[in-house]
Amino acid sequence: MTFDEKLKARAQREGSPTPEGFDERMDALLHNLPEQVTPIKKRRAPRTAVCIGIAAALVVGAAAAAPTVLEMARNAIGYFTQNSGSEYAEYQGKYEKYNAAVGMSDTNGDQTLTIDNLAVDDSYMLVFYTLKSKTPIALVGTADEPQSWRASWTAPTFFAQVNGKQLDTTGAIENEATMPDEYTLTGVHRIVLKEALPDQFDLLLYDGGSSDINDANFQFAMSVDKSAVAVETLTVEPKLDFTVEYDDTDADGHTNPIRCTPRIERVSISPFGSTITLSEQAEAPMTNFVLRDDKGNYLPVISNGSVGGGIGRATNSFEFLGANLDTQSVTLIPCIGPYRSHEVKGALDSLPLTDSSAGGYTLESLDIDEHRAVATFSFHGPITKSNAQLSLLLADGTTLDRLTDCFIDYTYDRENGLCITTIEYPDATPEQIAQITGVSFWQPDDDLTLLEDQAVTIDLQ
């Protein structure tokens, strides 16, 4: 059964299907392009894992004996040797400072999955793993798509129980993987933590394409001690309810009254990243907001999508950039818009490139080689979208994707608060690359309205 088939079967079984039109809404949110522009092929929207809490015994076949306590201490992580270009490479030092060398393996058929390392702080749990197969690993996707994408789509998706209780892993699945050979897949699964975990806890990790442990193909039981990370963590759980009300005008000029009642569950600034967690009983919880710190700096929020609530509350965590342990407070400001974007163009030698927009991107650097272009964007002012859309321009003003297949992806330099936009063009000829003379990107229009009178400040110190 393919990963997509597993997702469909899980949704049917658990009764929580993806809302109608979700993919289209995600594309609209992530890529706010004018209608007349045909965007180049882009990475698929993050898959959404839908979990239903279940009761299950902490048993892993023959490994049912009391597991060894894993302490978050300094250990090497071999994954970064296999994938030096990892999105998380700049965090390698932090992950290696606070991780446990696990070395647990489980076999299912001709495949063996090994948990190599486990890194945990207040914001994230990272599972580093290696999957080995006696036969070539069948990759999801098609041969014309980048192998790194296909490897991440094929990679294991971990669900977890903490002290016997299901961990809420709904939301975007952040998988990164690489294949040293056709029989081996090594990767990292980054799980956002929507609730505080105790310093010591029992953990059951399992994979099978479903949160139902009865479908698990691989299982791993362990005990974890993350107390060493506490000295570098700043976490508050205000459980603060607030109300947002405004009139929204759609493209046809119709005015729609909007009212939502979110709750700020927690804000966490820790070694592996910064997150704010909101919950709301709504089919489409509030996601349109900006964050600002006590010094007046805007903190870009990474767009990873969200899950809605049906019967109960939906809980969503959002990663943001730019905070540290000296941050005194974070203010959440609801906003309306932006509704449109405009194109910023320039020659290859005109960097850094931006315009006078109050909130948007600055193209700081661009490296072009025979198979890919890597652009680095910084942020300024209030901004609701973190994915900086990039196009490579030919001398006549057309884009490279009109000549050859192009694939676009986004990663982040979390240490420096930057968006890294990568365009791959595996079949481009040297003659086509030589025609590139300029670059353009899409900047949000200045029609973003901040609802300052409804802002909420969370004290962190």
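The largest cavity in this structure has about 130 Å³ of space. A cavity here is a set of points, on a 1 Å grid over the protein atoms alone, where a 1.4 Å probe fits but cannot get out; the volume is the space filled by probe spheres set on those points, which are joined across faces, edges and corners.

This is a predicted model, with local features needing pLDDT of at least 70 and side-chain atom pairs pLDDT 80 or more, while totals for chains, interfaces and linings use all residues. Residues are numbered from 1 along each chain as its sequence is written, and side-chain values use heavy atoms, without hydrogens and water.

Back to the cavity. Its lining, residues with an atom within 4 Å of a point, counts 14, and A172, E174, V192, N304 and S317 are the closest to the centre. Which strand gives the largest share of that lining? It is β22, with four residues. Strands are DSSP runs of E, at least two residues, and helices runs of H or I, at least four, numbered from the N terminus.

Now a sheet. Five strands form an open sheet in the order β4-β5-β6-β11-β10, with antiparallel pairing; two strands pair if DSSP finds at least two bridges between them.

Methods: 1 Å grid on protein atoms, 1.4 Å probe; cavity = no way out; pocket = protein on both sides within 12 Å on 5 of 7 lines; lining within 4 Å.
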